[in-house]
Amino acid sequence: MQAKPRLLQAVRQTMRLRRMSPRSERVYLAWIRRYVRYHGLRHPAEMGEREVAAFLTFLAVERGVAAATQRQALSALLFLYRAVLGVEVGWVDGVRWARPRARLPVVLTQEEVGRVLAGLAGTPRLVAMLLYGSGMRLLECLTLRVKDVDLERGEIRIRRGKGGKDRVTVLAESVREPLRRHLEAVRVLHGRDREAGGSAVVLPDALARKYPGAATSWVWQWVFPATRRYVDRLTGARRRHHLDPSVIQRAVAAAVRRSGVTKRATCHTLRHSFATHLLESGYDIRTVQELLGHSDVRTTMIYTHVLNRGGRGVRSPADALGVV
């Protein structure tokens with residue numbers, strides 16, 4: 001059994017009017033369904049802070065979810081109450097909050113990165129090269145627009161990254177020519193879409209009203225468009241979204257298995273490796289902080305603990321003995 005369809009439809013409509021990502025829509029709807037089921041299919045309008053607190057505590061105590069997962073569930077429920085139901089939820093008291101787990105990031109050596117990349121081809125390989133060469137998060141890479149890539153200057157401008165911040169990061173020299181060829185192919189695809197009458201992409205905020213022709217212009221197209229078009233339920237227009245993250249995640253996971261790398265590596269591991277290898281090469285931590293888009297340098301400093309120089313970056317005194 002599921003929550004009342006009208007409620008879920010209202011959530012979808014509100015999220016789409018706010019131009020929230022399809023991924024956020026799926027995640028929020030999943031948490032709302034779980035919340036309603038946990039409380040015996042009661043309508044959320046009949047519940048409040050006490051029921052939200054009980055559900056969040058259940059996730060931490062009974063399900064043992066991570067702190068980030070618990071916060072994600074809270075965000076979904078606050079959106080439901082405030083944005084959809086128009087109910088202000090006060091401070092949620094009595095919650096057993098999950099404790100954040102301080103874990104060091106998994107980092108690959110440059111040789112291991114090469115082995116993983118060797119197991120990739122086509123668009124997944126290009127995306128993985130950008131993740132490692134520029135330090136982007138996967139979704140930041142997949143939501144790049146053509147205008148955000150400067151092949152001549154070797155720069156990538158990331159719009160509305162984590163925390164809504166913009167930043168500029170480096171475009172590796174070795175990636176420029178493959179990316180140039182990729183964009184030429186994307187431009188051909190865009191031309192076919194225009195001829196078929198379905199080349200408009202979704203624009204952020206109110207740009208569609210401010211610049212009516214921008215949605216079909218080349219510079220606003222996705223760098224990594226999806227292979228299929230879809231029909232916008234609100235406007236009925238045929239559009240092409242950006243590539244789904246799962247396509248790259250599956251390809252990278254398969255490449256890691258084939259490479260023989262025994263570390264638990266994912267797409268995000270390439271970002272961690274980018275930061276660590278820059279620090280190993282002697283780059284200033286503030287420079288790395290800016291490239292990664294961290295608000296606090298303390299977040300970037302975690303990479304100093306995984307430098308390829310032993311525990312805490314020190315040289316063991318046993319190495320001075322000169323014996324085996």
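How do the residues of the lining of the largest cavity divide into nonpolar, polar and charged?

## Basis of the model

This is a predicted model, in which local features need pLDDT of at least 70 and side-chain atom pairs count only at pLDDT 80 or more, whereas totals for chains, interfaces and linings use all residues. Residues are numbered from 1 along each chain as its sequence is written, and side-chain values use heavy atoms, with hydrogens and water left out.

## The cavity

The structure holds 1 cavity of 30 Å³ or more, a cavity being a set of points, on a 1 Å grid over the protein atoms alone, where a 1.4 Å probe fits but cannot get out. The volume of the largest cavity is about 100 Å³, taken as the space filled by probe spheres set on the points.

Its lining residues (those with an atom within 4 Å of a point) include Val186, Leu189, His190 and Asp193, together with Trp222, Pro225 and Arg240. The lining divides into 6 nonpolar, 4 polar and 2 charged residues, where Ala, Val, Leu, Ile, Met, Phe, Trp, Tyr, Cys and Pro count as nonpolar, Asp, Glu, Lys and Arg as charged, and the others, Gly among them, as polar.

## Arg194 in helix H8

Arg194 is found in helix H8, which covers residues 173–196; helices here are DSSP runs (H or I, at least four residues) numbered from the N terminus. Leaving aside neighbours within four places in sequence, Arg194 is in contact with Ser199 and Thr216, contact meaning heavy atoms within 4.5 Å. Ser199 is also one of the residues that line the largest cavity.

## Helices H3 and H4

Helix H3 (residues 49–61) packs against helix H4 (residues 67–84) at an angle of about 160°, and their axes are 10 Å apart; axes are lines fitted to C-alpha atoms over the stretch in contact, with angles from 0 to 180 degrees between N-to-C directions. That angle makes H3 roughly antiparallel to H4, a term used for angles over 145 degrees. Residues making the contact include Val52, Phe55 and Leu56 of H3 and Leu74, Leu77 and Tyr81 of H4, and by class the contact has 9 nonpolar, 2 polar and no charged residues.

## Helices H11 and H12

Helix H11 (residues 267–280) and helix H12 (residues 285–292) cross at roughly 160°, and their axes come within 9 Å, which makes H11 roughly antiparallel to H12. In this pair, Arg271, Phe274, Ala275, Leu278 and Leu279 of H11 meet Ile285, Val288, Leu291 and Leu292 of H12, a contact with 8 nonpolar, no polar and 1 charged residues.

Terms used. 1 Å grid on protein atoms, 1.4 Å probe; cavity = no way out; pocket = protein on both sides within 12 Å on 5 of 7 lines; lining within 4 Å. Helix = DSSP H or I, 4+ residues; strand = E, 2+ residues; numbered from the N terminus. Parallel < 35°, antiparallel > 145°, perpendicular 65-115°, else oblique.
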